[in-house]
Amino acid sequence: MNPTRRRRLIWILALVAAAGIAATLVAMALQRNVAYLYTPNEVLTGEAGPQVGDGTARFRLGGMVAKDSFERPSGSMEARFRVTDGDAELPVSYTGILPDLFRENQAVVATGRMQGDVFVAEELLAKHDETYMPKEVADKMGQAHRKHDVDAPASDAAKEGASY
Amino acid sequence: MLPELGQVALVLALLVALLQAVLPLVGAHRGVAPWMAVARPAAYAQLALVAIAYGLLTHAFITQDFSVGYVAQHSNTLLPMVYRITAVWGSHEGSLLLWTLVIALWTAAVARFSRSLPATVIARVLGVMGVVAAGFLAFLIFTSNPFARLLPAAIEGRDLNPLLQDPGMIIHPPMLYFGYVGFAVSFAFAIAALLDGRIDARWLRWTRPWTNIAWAFLTLGIALGSWWAYYELGWGGWWFWDPVENASFMPWLAGAALIHSQAVTEKRGSFRSWTLLLAIATFSLSLLGAFLVRSGVLTSVHSFAADPSRGLFILVFLGLVIGGSLLLYALRAPSTLDDGKPFSPASRETLLLANNLLLVTACAMVLIGTLYPLLADALGLGKISVGPPYFALMFILLMAPLVLLVPFGALTRWQREQASRPLAMLAPWLVVALIAGAAAFFLAPQGPWKVAAGIFGAVWVAGGTLRFVWSRLRANGRFTPEMAGMILAHLGIAVFLVGALLTEGLNRQREVAVAPGNQVTLGDYRFRFDGVEKVQGPNFLADRGTVTVFDGEQRIAVMHPEKRAYAAGGQVMTEAALIPGVTRDLYVALGEPLGDGAWALRVHVKPFVRWIWAGALLMMLGGFVTATDRRFRKPLTPATESTR
């Protein structure tokens, strides 16, 4: 092997090694910071996995804020409501200021983890258009209803969200 | 009648764009001069036609013509005049029309300022711009017609999204589009060079100002978006790693790399194929950004209407443009010989290579994080989102070495350098920066690592850049605009580092329930909540809070955060109150009523947050100043080739 080729080979090997390390780092960082989206039904039936149920995994809970479920003790920052996907409901607790578009009967995506039977949210996302439902939530809820073959109260909203 | 005229103008503009795409490209290939000569007049005609269409849509908004569906959707009789004009780009159809107008403007500018280029080159460049314009015009006409009639006409319009009724939002989208679309010029040049089969350093010199201007506009657009999100969304954050923010940030990173690699190629002839590839990549990322925003495939706080047919159209267009240009690159690039001068490991070329590698890797990292949810969804791995910590971690890992290298770039000679020379020049500054960083570490009341890193980085970059200024002053005291632009942009990095890291490290924030008379203490500041009253605005009804701020015992300001309910759409929106300052911002946002006169209140003290945007503005200024260098505009005679 002549010196030029040898130098080139070393360069290529170094580049491959650097790319490999970079890819590993990216994969690790991604793995650690990914939050899955689940519906209340998936959480309650255990479909989402044991780590979601026992509170070790941070995940995003998607669905509609159930009608007449919102309550907040006078003068308190802690809000309690239930998130529904039409099949199941999960109680949610959130301490802090609610997003402007947070309302009952509207889509919400909450990030947090389970503590006992309650989902404790660190962050709430409600979209800034009231007719809009996040596509991923609409998809999820659509899937759930096809699977159970139920006519869900939220299916209109889901359809609207998907085609809007 | 007028809206139909607008539609006709758009269709004519599409035909002209097709003409501008086909005739000059074929003419340049076959060497038919009259066909090539079509390019310039076609560019002007396209601009005139799109401008007419744009003017007519604006007219429909001003006169409140609710028989036009788009106007009825996004305007309202209560809407103030200035927002009627800006509502034109308030949603998908109109902002796409603005996008095509910006393409037409850039194309006409290229046609106007390209007298010094050979006819075949200019024919090819304008031809490629014509292809891009035709794609977007077809997209506009076939999937998102802004002039579609609503029959019967609406009596009253819905409202413009209240988030967009804001001065920051008036200029954010146009500036962003000027940036995105501006990269089409360097893209068109790269394609022209590949078609031509050779890359002449003189033509490259001609494209450099265009790249710099586009990048400067994009910098401004992103900074405005960040500033707007900061004061308008009421969360007090300035960057969220939201997919749509990422969509604008990726071309920015690639564009920053392109600016540097173009400089190497123009001055030294090295990195030729890399510069071409980067030009293609930068514009492709702009298109990808458009696709991500328009198709609604990603969950983002920016939800433009998601229509599958639109997503498909733009995906196909994206595939054609990126696939076509990469195919051309694969076929032609190997034969365009890289006859750059050799350089040793210690040289400015090596440093700029490192700059490019780091910026491009950072861009790839953002791309992976942005597209990973789409990929996972397609593979059935579940619906996921990638959290900001991923981006923050990777970005800091990649940008830290870049910050360390910045001062060396300007002080290191081309081709061959004694590594000890720039090191000796910068060693004192390294010591100063380390001392400043250490001092900051011990003085910071909280977040010492971030504060120390911010101060160290800022002093190091600013000191190293000023070291270059000093050695120039001693040498001959002359600064070309190109150098001045570089100095400004690098100082911008230093200012930005102070802003970003000190804000993150020292930010104090509380969300509390307060009754009238209650106080919130944050550091040296006390915020007294004095209650809420109802206030009537032009098209909204607001709950207006009063918060009195004390610094120690001294009363310094009264703030009025608002919660607005817009009359037409019924939307509720937070309007935060701000007291800006050089060393800190005070920020108060009103939450919800909690009963008995109590309210939820979000209070921030954000040190040095303005420096973030000041840094971005310096970078923008750097881009514009560089573009004014006369060297780029010299007539392309062989004699100028040897000036450097």
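Modeller: Gladly. Let me begin with what counts as an element: helices are DSSP runs of H or I with at least four residues, and strands are runs of E with at least two, numbered from the N terminus. With that in hand, chain A reads along its sequence as α-β-α-α-β-β-β-β-β-α-α. Please keep in mind that this is a predicted model.

Colleague: What does the count of helices and strands come to in chain A?

Modeller: Chain A has five helices and six strands. Of its 164 residues, 37% count as buried. Among the contacts in chain A with a separation of 6 or more, 58% are between residues 24 or more positions apart.

Colleague: On to chain B. Why is chain B called as compact as a globular protein of its length?

Modeller: First its make-up: chain B has 18 helices and eleven strands. Its radius of gyration is 26 Å, and the globule rule gives 26 Å for 644 residues, so chain B is as compact as a globular protein of that length. Along the principal axes, its C-alpha atoms fill a box of roughly 80 × 75 × 50 Å. Buried residues make up 53% of the chain. Of the contacts in chain B between residues at least 6 apart in sequence, 75% join residues at least 24 apart.

Colleague: Which domains does the assignment give for chain B?

Modeller: The assignment gives domain 1 (1-160), domain 2 (162-406), domain 3 (407-500) and domain 4 (508-607). The C-alpha centres of domain 1 and domain 2 of chain B lie 24 Å apart. Their contact takes 26 residues from domain 1 and 27 residues from domain 2.

Colleague: Which helices supply the side of domain 1 of chain B that touches domain 2?

Modeller: Helix H5 (81-86), helix H6 (92-112) and helix H7 (119-143) of chain B each supply at least two residues of that side. The largest share, ten residues, comes from H7(B). By type, the residues on that side of domain 1 divide into 16 nonpolar, nine polar and one charged.

Colleague: Why is B:Gln64 called partly exposed?

Modeller: Buried needs 20 or more C-beta neighbours within 10 Å, and exposed means 12 or fewer. B:Gln64 has 16 inside 10 Å, so it counts as partly exposed. This residue is in the loop between helix H3 (39-62) and helix H4 (69-74) of chain B. Leaving out residues up to four places away in sequence, B:Gln64 touches B:Ser75 and B:Thr77. B:Gln64 and B:Ser75 are eleven residues apart in sequence, with their C-alpha atoms 7.5 Å apart in space.

Colleague: What makes S2 and S9 of chain B edge strands?

Modeller: They belong to an open sheet of four strands in chain B, in the order S2-S11-S10-S9, with antiparallel pairing. Strand S2 (508-514) and strand S9 (577-579) each have a single partner strand, so one side of each is left without a neighbour in the sheet. The twist averages 15 degrees from one strand to the next.

Colleague: How do you know that S10 and S11 of chain B pair?

Modeller: Nine bridges join strand S10 (residues 584-595) and strand S11 (residues 598-607) of chain B in the antiparallel sense; at least two are required, so they pair. B:Arg584 has B:Pro607 in S11(B) as its bridge partner.

Conventions: Residues are numbered from 1 along each chain as its sequence is written. Chains are lettered from A and ligands numbered from 1 in the order in which they are written. This is a predicted model: local features need pLDDT of at least 70, side-chain atom pairs count only at pLDDT 80 or more; totals for chains, interfaces and linings use all residues. The radius of gyration is taken over C-alpha atoms; the globule rule is 2.2 Å times the number of residues to the power 0.38. Two residues are in contact if their C-beta atoms, placed from the backbone, lie within 7 Å. Domain bounds come from an automatic or database domain assignment. Ala, Val, Leu, Ile, Met, Phe, Trp, Tyr, Cys and Pro count as nonpolar, Asp, Glu, Lys and Arg as charged, and the others, Gly among them, as polar. Axes are lines fitted to C-alpha atoms, for helices over the stretch in contact, and angles run from 0 to 180 degrees between N-to-C directions.
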